[in-house]
Amino acid sequence: MNKGATMDSVKQNVGQDMSTRKALFLLITVFVSSVVAMFYVYLKFPDLNESERHHLRIPFDIEDAKQLGLVLDRYKDLYYFEVMFGIILVYIFLQTFAIPGSLFLSILSGFLFNFPTALLLVCFCSSLGATLCYLLSQLAGRRLVRRFLPEKAASWSQQIEKHRDNLLSYMLFLRMTPFLPNWFINLVAPVIGVPLFPFAFGTFLGVAPPSMIAIQAGKTLHTMTSSRDAFSWTSMCILALFAVLSLVPVLLKRQLQAKIK
């Protein structure tokens with residue numbers, strides 16, 4: 001009996017080790033593929049002078065975004081799809097590996113493209129990058145969280161079970177509000193049992209309101225001094241209104257259930 005239990009434990013550990021290796025292999029593969037794709041776009045870009053090449057990098061503050069915007073705006077008309085594809089790749093890369101900087105790319109998209117194109121680009125990149133981050137976390141992060149934060153993981157999972165019928169609304173609410181950073185949501189969602197569809201679809205719709213504000217701010221990129229300039233009190237109130245509206249179906253459902261009981 002003890003021998004059989006020991007063998008089962010060994011098989012389970014071997015299976016977990018193999019799954020971890022696969023997860024790490026996938027993680028490295030996605031990372032390397034993303035870097036190669038971005039380098040390919042860089043090679044396809046026209047020859048730049050030294051000052052322009054210096055600014056062709058991922059923006060991590062508003063000054064970086066300004067300088068990059070000026071460089072890309074010079075070549076956008078002749079190399080429209082190269083510029084767009086480059087932004088898409090970098091955006092997805094940052095979202096996939098939970099690297100800060102996507103806000104500046106949203107502002108930059110508003111500067112370079114018309115509003116509908118920029119909004120669709122940002123929502124698509126946000127949802128796809130977040131989904132890839134979700135899948136990577138599902139493979140590798142779940143074991144880490146459950147190993148080092150077992151009590152937290154169990155508590156979060158219980159909360160998800162309580163609200164499983166309203167996950168889309170809650171995902172919309174979280175994406176529209178600053179209570180939890182997006183990278184944290186992407187990493188933790190698969191660990192606590194959030195299904196992929198409400199996660200991806202909720203991300204696509206939920207990032208639209210804050211992205212609209214960032215994109216609109218991009219129209220005045222040359223006058224911005226900080227990313228905080230994009231979010232005025234008016235825009236924050238609008239976001240709060242959208243966040244409240246996202247919870248209206250939940251409140252209506254609860255009222256209906258209370259009346260039926």
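Leu70 is found in helix α3 of this predicted model. With a relative accessible area of 41%, Leu70 is partly exposed, because that label covers values between 20% and 50%. Leu70 and Glu52 are 18 residues apart in sequence, and their C-alpha atoms are 9.0 Å apart.

Lys66 lies in helix α3, which covers residues 62-75. Is Lys66 buried or exposed? Its relative accessibility is 16%, so Lys66 counts as buried, the limit for that label being under 20%. Which residues does Lys66 touch, leaving aside those up to four places away in sequence? They are Leu221, His222, Thr223 and Met224.

The chain has 13 helices and zero strands. Read along the sequence, the pattern is therefore α-α-α-α-α-α-α-α-α-α-α-α-α. Of the 261 residues in the chain, 41% are buried. Contacts between residues with a separation of 6 or more can be sorted by how far apart the partners are, and 78% of them join residues 24 or more positions apart. The accessible surface of the chain comes to about 15,400 Å², and carbon and sulfur atoms account for 67% of that surface.

The next topic is how one helix packs against another. Two packed helices are described by the angle between their axes and by the distance between those axes. Helix α4 (residues 80-96) and helix α5 (residues 102-112) pack at an angle of about 160°, and their axes are 10 Å apart. Why are α4 and α5 called roughly antiparallel? The label is given to angles over 145 degrees, and α4 and α5 are therefore roughly antiparallel to each other. In this pair, α4 passes α5 in a left-handed crossing. On the α4 side, the contact is made by Val83, Ile87, Val90, Tyr91, Leu94 and Gln95. On the α5 side, the contact is made by Ser102, Leu105, Ser106, Ser109 and Leu112.

Between these two helices comes a loop. Ala98 is found in the loop between α4 and α5. At 27% relative accessibility, Ala98 counts as partly exposed. The backbone angle phi of Ala98 is near 55°, a positive value in a residue other than glycine. Ala98 and Cys133 are 35 residues apart in sequence, while the distance between them in space is 7.3 Å, C-alpha to C-alpha.

That leads to the cysteines. A disulfide is a covalent bond between the sulfur atoms of two cysteines. How many disulfides does a search of the whole structure find? The search finds zero. Cys125, for example, is in no disulfide, and the nearest cysteine sulfur, that of Cys123, is 9.6 Å away. A disulfide needs the two sulfur atoms to be within 2.5 Å. Cys125 has a relative accessibility of 0%, so Cys125 counts as buried. Cys237 has a relative accessibility of 53%, so Cys237 counts as exposed, the limit for that label being over 50%.

Terms used: Residues numbered from 1 in each chain as written. Predicted model: local features only at pLDDT ≥ 70, side-chain atom pairs only at ≥ 80, totals over all residues. Heavy atoms only, no water. Helix = DSSP H or I, 4+ residues; strand = E, 2+ residues; numbered from the N terminus. Buried < 20%, exposed > 50% of the residue type's maximum accessible area, 1.4 Å probe, protein only. Contact = heavy atoms within 4.5 Å. Areas by Shrake-Rupley, 256 points an atom, 1.4 Å probe, with all protein chains shown as cover. Axes fitted to C-alpha atoms, helices over the stretch in contact; angles between N-to-C directions. Parallel < 35°, antiparallel > 145°, perpendicular 65-115°, else oblique. Left-handed = near helix turned anticlockwise from the far one by under 90°.
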